[in-house]
Amino acid sequence: MNEEEIIELVRRTIMLSIELSAPVMMVGLVVGTAIALLQALTQIQETTLVFVPKILAIFFAMFVGMPAFTTALVEFTHFLADKIIAIK
């Protein structure tokens with residue numbers, strides 16, 4: 001493998017990790033912001049109030065996105081296997 005192939009492999013790996021984590025992180029961001037707004041409006045300043053809804057929302061997002069995550073990871077694994085086979 002030359003430098004260009006290694007850079008392409010690292011780029012694809014980073015993009016895959018961003019594509020898989022972005023939806024889950026966005027759900028956590030939206031739920032966290034909504035809870036923070038609710039806390040500011042009602043003046044309830046309980047620090048643990050944010051965690052349970054955020055964790056449940058993130059688990060739900062992971063559950064909903066799991067088929068797409070699995071498909072992307074299988075495709076990437078096939079790509080890596082093809083690269084490994086092509087190495088001489």
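User: Which residues does Q39 touch, not counting residues up to four places away in sequence?

Analyst: This is a predicted model, and in it Q39 lies in helix α1, which covers residues 3-42. Leaving out residues up to four places away in sequence, the residues that Q39 touches are I44, Q45, E46, L49 and V50.

User: Is Q39 buried or exposed?

Analyst: A residue counts as buried when its relative accessible area is under 20%. The relative accessible area of Q39 is 10%, so Q39 falls into the class called buried.

User: How many helices are there in the protein, and how does its radius of gyration stand against the globule rule?

Analyst: The protein has 0 strands, and its helices number 2. For 88 residues the globule rule gives 12 Å, and the radius of gyration is well over that value, so the protein is more spread out than a compact globule. Taken along the principal axes, the box filled by the C-alpha atoms is roughly 65 × 25 × 15 Å. The count asked for is therefore 2 helices, and the radius of gyration is 19 Å.

User: Which residues make up the largest nonpolar core?

Analyst: In soluble globular proteins, nonpolar side chains tend to be buried together. Here the largest nonpolar core has 6 residues in all, and helices α1 and α2 (51-86) each supply at least two residues of this core. The members are L16, L20, V24, F69, F76 and F79.

User: With which residues is F79 in contact, leaving aside its neighbours within four places in sequence?

Analyst: F79 is one of the residues of the largest nonpolar core. Once its neighbours within four places in sequence are left aside, the contacts of F79 are with L9 and R12.

User: Is M62 buried, partly exposed or exposed?

Analyst: M62 is found in helix α2, and, with residues up to four places away in sequence not counted, M62 touches V24 and F69. M62 has a relative accessibility of 32%, so its class is partly exposed.

User: How far apart in space are M62 and P23, C-alpha to C-alpha?

Analyst: In sequence, M62 and P23 are 39 residues apart. Across the protein, among contacts between residues at least 6 apart in sequence, 67% join residues at least 24 apart. For M62 and P23, the C-alpha to C-alpha separation in space is 8.6 Å.

Note on methods:
Residues numbered from 1 in each chain as written. Predicted model: local features only at pLDDT ≥ 70, side-chain atom pairs only at ≥ 80, totals over all residues. Heavy atoms only, no water. Helix = DSSP H or I, 4+ residues; strand = E, 2+ residues; numbered from the N terminus. Rg over C-alpha atoms; globule rule 2.2 N^0.38 Å. Contact = heavy atoms within 4.5 Å. Buried < 20%, exposed > 50% of the residue type's maximum accessible area, 1.4 Å probe, protein only. Core = buried A, V, L, I, M, F, W, Y, C linked by side-chain atoms within 4.5 Å.
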